[in-house]
Amino acid sequence: SRIGFRRNLQMLGNGGERRESTSRRFQYIKRMFKWRHMDFEFALWQMFYLCADPRKVYRNFQYHKQTKNYWARDDPAFLVLLALWLSGSTVFYAIVLPLSVPQFFLFFVWTVLGECIGIGLIVATLLWFVTNRVLRVGNERVEWAYGFDIHLNAYFPTLIILHMCQVFLLHQSHADTPLVMYLGNFLWLTALSYYCYITFLGYSSLQVLKHTVLFIYPIALFVLLFALTPLHGISCSNLARDFYREITK
């Protein structure tokens, strides 16, 4: 029947897409060991504009899709530089908290495998499922690898705010002054809101998706929590400091 024929064609197409995606992943991993083939200058450009004007970065992703017919990065330079930023921020934390050498390695493992990769895998998989099952209106499927790239894009400014700026508040947060509490909570509000905004920009670039404005709705909840936490004496910086100390025991 015609319906069966169409289903067979669709299955063949999906199988081809999976093989192509697997091939790109192997190429991506192989390029991680070929430093001369990585464009670090372009990766630094992306990092700068993710903080200054993330819309420019996603316009470049659209150009990448037009020229190579897929959305995800094929150059691991961004991931390598992100790992270096994580290493530097972990050193800052180890000095401020302070942490011993074994505690530093535990904290580094948590930051890379837990915060960056672990949370990224969960978020990318969850949003990949939601976008393909609920928000998609066209035939083109959302690439999982592109969803993980969106997480990395959103994570970098969050890293700068919470791991580079907040570290100075952690040194003073033992005083529990209202100013330190307010500044710390404001940094968390800014970081989480920016994460949602960059995530929204990433998925709204896909014309096959509808109602992508849903990705910025959590910002309203963050603003409400920001208004309530000082009333109850909750300091997000203190909570982060205590959590990091707990996981490195």
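Reply: **A look at helix H4**

In H4, the buried residues are Ala77, Phe78, Val80, Leu81, Leu82, Leu86, Ser89, Thr90, Tyr93 and Ala94. Buried means under 20% relative accessible area, exposed over 50%, and partly exposed in between (1.4 Å probe, protein chains only). This is a predicted model, where local features need pLDDT of at least 70, side-chain atom pairs count only at pLDDT 80 or more, and totals for chains, interfaces and linings use all residues. Residues are numbered from 1 along each chain as its sequence is written, and side-chain values use heavy atoms, leaving out hydrogens and water.

Helix H4 covers residues 77–96; at 1.5 Å a residue its 20 residues should span 28 Å, and the end C-alpha atoms lie 29 Å apart, which agrees. The expected span is 1.5 Å times one less than the number of residues.

Now for the wider chain. It has 9 helices and 0 strands, where helices (H or I, at least four residues) and strands (E, at least two) are DSSP runs numbered from the N terminus. Of the 249 residues in the protein chain, 43% are buried. Among contacts (heavy atoms within 4.5 Å) with a separation of 6 or more, 76% join residues 24 or more positions apart. The chain exposes about 14500 Å², with carbon and sulfur atoms supplying 67% of that area; accessible areas come from the Shrake-Rupley method with a 1.4 Å probe, and for residues only the protein chains shown count as cover.

For another helix, turn to H8 (residues 218–228), which holds leucine 225. Leucine 225 is partly exposed, at 42% relative accessible area.
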